[in-house]
Amino acid sequence: RIVHAHGFSFFPNSSEPILYQWRADVERQGCAFVATTMLRDAVGHTISQSKGMINPNYTLDHFVNHLEPENYNQRGIFNTQIDYMLYNRGPRNEQNATKYEKVRRAIEILVRHFDVVMVSDYARFTEIICRITGWTCLKMKHANAFKGQLNFTERELRKIKDLTEANGDNLFIDAVKHVYYGHLDYLLVDSDEQPSGNKQVQ
């Protein structure tokens with residue numbers, strides 16, 4: 001069976017006990033429980049999401065307004081990747097956690113509960129899933145692709161980059177690469193700015 005926890009169905013940061021229970025229930029029946037996720041470049045993800053502002057004719061400033069630091073607990077029109085990992089479409093950052101606390105908690109959830117974590121490696125992901133399930137790998141048609149145009153000014157691109165960084169998404173992807181791929185970018189963060197405690201992000 002496949003469970004797609006996307007949208008309002010599950011909030012990883014506050015619903016972690018459910019993940020433990022799911023795994024225990026499945027394994028108690030002699031089955032394997034495999035949790036997977038596929039991530040991608042942080043800024044590229046935000047740019048991709050911006051296609052959602054076209055039909056309602058939003059401005060970019062309105063579309064990314066929830067990422068402004070003063071709006072830390074607002075649920076926006078879209079989610080960045082770290083916000084999906086922590087809050088899904090539920091309440092967002094109610095305790096005003098720093099981006100470093102958010103990254104620590106997101107990595108904690110991944111390491112504790114996810115069996116397959118990849119960054120933009122779709123061929124390898126397909127290979128692993130087919131091996132786990134015993135399915136025959138088929139070549140899939142390219143789908144769910146945006147065929148329009150996204151045009152941004154230099155100011156708008158800078159804003160996308162800066163807000164994605166401020167929200168913790170760039171650091172999150174660097175941390176994922178460090179943990180799962182051995183990249184070292186995450187180690188270059190100023191240690192004085194990283195959280196010292198083990199505060200759970202809420």
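**Close-up views of a predicted model**

Figure 1. Buried here means under 20% relative accessible area, exposed means over 50%, and partly exposed lies in between (1.4 Å probe, protein chains only). Helices (H or I, at least four residues) and strands (E, at least two) are DSSP runs, numbered from the N terminus. The structure is a predicted model, in which local features need pLDDT of at least 70 and side-chain atom pairs count only at pLDDT 80 or more, while totals for chains, interfaces and linings use all residues. Residues are numbered from 1 along each chain as its sequence is written, and side-chain values use heavy atoms, with hydrogens and water left out. Four bridges join β1 and β2 in the parallel sense; two strands pair if DSSP finds at least two bridges between them. Thr 37 has Val 117 of β2 as its bridge partner.

**Figure 2. The protein chain as a whole, for orientation.** Eight helices and two strands make up the secondary structure of the protein chain, in the sequence order α-β-α-α-α-α-β-α-α-α. The chain has 202 residues, of which 40% count as buried. Of the contacts with a separation of 6 or more, 69% are between residues 24 or more positions apart, a contact being heavy atoms within 4.5 Å. The accessible surface is about 12500 Å², and carbon and sulfur atoms account for 50% of that surface; these areas come from the Shrake-Rupley method with a 1.4 Å probe, and for residues only the protein chains shown count as cover.

**Figure 3. Helix α5 and its surroundings.** Helix α5 covers residues 99-113, 15 residues in total, and its first and last C-alpha atoms are 21 Å apart, close to the 21 Å expected at 1.5 Å a residue. The expected span of a helix is 1.5 Å times one less than its number of residues. Because twelve of its 15 residues are buried, α5 is largely enclosed by the rest of the structure.

**Figure 4. Glu 101 within α5.** Glu 101 is found in helix α5 and counts as buried because its relative accessibility is 13%. Its side chain reaches the backbone nitrogen of Thr 98 at 2.8 Å. A polar contact is a pair of N or O atoms within 3.5 Å; within protein, one must be able to donate a hydrogen and the other to accept it, and residues adjacent in sequence count only if both atoms are side-chain atoms. Gly 168 lies 67 residues from Glu 101 along the chain, and their C-alpha atoms are separated by 9.1 Å.

**Figure 5. The nonpolar cores.** The largest nonpolar core contains 22 residues, and Leu 110, Phe 172 and Val 176 have the most contacts inside it. At least two residues of this core come from each of α4, α5, β2 and α8, and α5 gives the most, with six. A nonpolar core is a set of buried Ala, Val, Leu, Ile, Met, Phe, Trp, Tyr and Cys residues joined through side-chain atoms within 4.5 Å. Not counting residues up to four places away in sequence, Leu 110 touches Thr 37, Met 85, Val 117, Phe 172, Val 176 and Tyr 180. A second, separate core has nine residues, including Met 53, Leu 60, Phe 152 and Leu 163.

Figure 6. Ser 50 sits in the loop between α2 (42-49) and α3 (60-63) and, at 1% relative accessibility, counts as buried. A polar atom of its side chain lies 2.5 Å from the backbone oxygen of Ile 47. Beyond its neighbours within four places in sequence, Ser 50 is in contact with Phe 63, Leu 150 and Phe 152.

**Figure 7. Helix α6 and residues with positive phi.** The buried residues of α6 are Phe 125, Ile 128, Ile 129 and Cys 130, and these pack against β1 and β2. Gly 134 follows α6 and has a positive phi near 85°. In the loop between α4 and α5, Asn 93 has a positive phi near 45° and is buried, with a relative accessible area of 3%. Asn 96 also lies in the loop between α4 and α5; its phi is positive, near 55°, and at 40% relative accessibility it counts as partly exposed.
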